[in-house]
Amino acid sequence: MNQNAMKTNQNSLQNINVKLLAFDITSLTHTTIPSSPDPTTFYFRKGVRISRVEVAGIVVTRDLKPDKFIRFSIDDGTGCVQCIMWLNQMTSAYFSRRCPSDVRCIAQMANLFSSRVQLGEFVRVRGRVSGFRGLVQVTVDDVVAEVDPNSDVLHWLDCVNLARKRYDLLSCCK
């Protein structure tokens, strides 16, 4: 592995569910690489590339379009994070090449996750950082409804601790 490849790997949090607070997610910067037929956008936190996040908070908005998507916002006290979960697996061309039983399973899991998104519920969301109309959002992979009353505080402590002891160190090492 050459020196530049090692440096890139050390300063990247690609494909890791990075625990962040809402203010960190909404302050991510982005760069679009238009060289490919499908322009690719990369998101950065203090210069470190991030592709996946984990965020927790209270569901404050919810917009369900059955068999299409559920769009919702969660508030963790530092801001709101926009989230979208696709529910169109059975009709999407993206899934047409996959095994039908696998697609049914994915669609069932998406419907189960979407049922957990209820106004006022405290949820933990993991997914891919994406953008829509110039704003950062999370394209949701899974949703967990938290029942432990301490999970909010524990998530905050994890975010602060990881930012100080791990994520911020990556940005210093560039």
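## Asp-141 and its partner

In this predicted model, Asp-141 is partly exposed, with a relative accessible area of 40%. Its side chain meets that of Arg-52 in a salt bridge, with 1.8 Å from N to O. Because Arg-52 lies in strand E4 and Asp-141 in strand E8 (residues 135-145), the pair ties together parts that are 89 residues apart in sequence. Arg-52 itself is buried, at 19% relative accessible area.

## The salt-bridge network

The whole structure contains 9 salt bridges. Through shared partners, Lys-19, Glu-54, Arg-124, Glu-146 and Asp-158 are joined into one network.

Lys-19 forms a salt bridge with Glu-54, and their closest N and O atoms are 3.9 Å apart. This pair links strand E1 (residues 12-19) to strand E4 across 35 residues. Lys-19 counts as buried at 19% relative accessibility, and Glu-54 is buried at 8%. Lys-19 also meets Asp-158 in a salt bridge of 2.8 Å, N to O. Here strand E1 is linked to helix H4, the two residues being 139 apart. Asp-158 counts as partly exposed, with 32% relative accessibility.

## The nonpolar core

The largest nonpolar core has 31 residues, and Phe-72, Ile-74, Val-125 and Val-143 have the most contacts inside it. Strand E4 (residues 48-65) gives the most to this core, with 5 residues. Beyond its neighbours within four places in sequence, Phe-72 is in contact with residues including Val-59, Val-81, Cys-83, Val-125 and Val-143.

## A nonpolar surface patch

Leu-154 is placed in helix H4 (residues 151-172) and counts as partly exposed, at 45% relative accessibility.

Key. Residues numbered from 1 in each chain as written. Predicted model: local features only at pLDDT ≥ 70, side-chain atom pairs only at ≥ 80, totals over all residues. Heavy atoms only, no water. Helix = DSSP H or I, 4+ residues; strand = E, 2+ residues; numbered from the N terminus. Buried < 20%, exposed > 50% of the residue type's maximum accessible area, 1.4 Å probe, protein only. Core = buried A, V, L, I, M, F, W, Y, C linked by side-chain atoms within 4.5 Å. Contact = heavy atoms within 4.5 Å. Salt bridge = Lys/Arg side-chain N within 4 Å of Asp/Glu carboxyl O.
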